[in-house]
Amino acid sequence: MIKAIIIDDERHSCDALKMLLEKCCPQVQVAATCHSGEEALEKIRDLNPGLIFLDIEMPQMNGFQMLEQIPSIDFEIIFTTSYDQYAITAFKFSALDYLLKPVDREELEKAVRKVERKIN
């Protein structure tokens, strides 16, 4: 089981991704959904996830700024965003994948399989 956190300021995006994961990727357990970078930092510290799904454009603190606050990134990252122009920066943060919204079921399944291979 892969413990995951979904981080996105848009509640409907969190809900849609969580439902898609439940339907298509039963090996992923969504331990929390967070709607801000500040909330996510706390949940990451408390829950020690193996994977985060991270939006980039969020108020107050974007996804990259949030990652810069973490001293040691010991989890996998799949970015989920509406913007393709951040892909290069995302991979500099060792992103395992970069999914554009609305998240495609097949792309999500492929990304989760990458996580499984890397963890195992």
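Q: Which side chains meet Glu76 in a salt bridge, and where do the partners lie?

A: Side chains of opposite charge can pair when their charged atoms come close. The term salt bridge is used here for a side-chain nitrogen of Lys or Arg within 4 Å of a carboxyl oxygen of Asp or Glu. In this predicted model, Lys118 meets Glu76 in such a bridge, at 3.4 Å from N to O. The pair links distant parts of the chain, for Lys118 is in helix 5 and Glu76 in strand 4, 42 residues apart. Helices (H or I, at least four residues) and strands (E, at least two) are DSSP runs, numbered from the N terminus.

Q: Is Glu76 buried or exposed?

A: Buried means under 20% relative accessible area, exposed over 50%, and partly exposed in between, with a 1.4 Å probe and protein chains only. Glu76 counts as buried because its relative accessibility is 14%.

Q: How many salt bridges are there, and which residues do they join into a network?

A: The count is seven salt bridges. One of them pairs Glu10 with Lys101, the closest N and O atoms being 3.8 Å apart. Glu10 is in the loop between strand 1 and helix 1, and Lys101 is in the loop between strand 5 and helix 5, 91 residues apart. Another salt bridge joins Lys110 to Glu107, with the closest N and O atoms 3.6 Å apart. Both of these residues lie in helix 5, three residues apart, about one turn of the helix. Lys110 is partly exposed at 41% relative accessibility. Salt bridges with shared partners unite Asp8, Glu10, Asp55 and Lys101 in one network.

Q: On what basis are these values given?

A: Residues are numbered from 1 along each chain as its sequence is written, and side-chain values use heavy atoms, leaving out hydrogens and water. As this is a predicted model, local features need pLDDT of at least 70 and side-chain atom pairs count only at pLDDT 80 or more, while totals for chains, interfaces and linings use all residues.

Q: How is a pair of aromatic rings described, and which residues form the aromatic cluster?

A: A pair of aromatic rings is described by the distance of the centres and the angle of the planes. Rings of Phe, Tyr and Trp (its six-membered ring) pair if their centres lie within 6.5 Å; planes under 30 degrees apart count as stacked, over 60 as edge-to-face and the rest as tilted. There are six aromatic pairs by this rule. Phe64 and Tyr86 are edge-to-face, 6.0 Å centre to centre with 70° between the planes. Phe64 belongs to helix 3 and Tyr86 to the loop between strand 4 and helix 4, so the pair ties together parts 22 residues apart in sequence. Phe79 and Tyr98 form a tilted pair, at 6.3 Å centre to centre and 40° between the planes. One aromatic cluster comprises Phe64, Phe79, Tyr83, Tyr86, Phe91, Phe93 and Tyr98.
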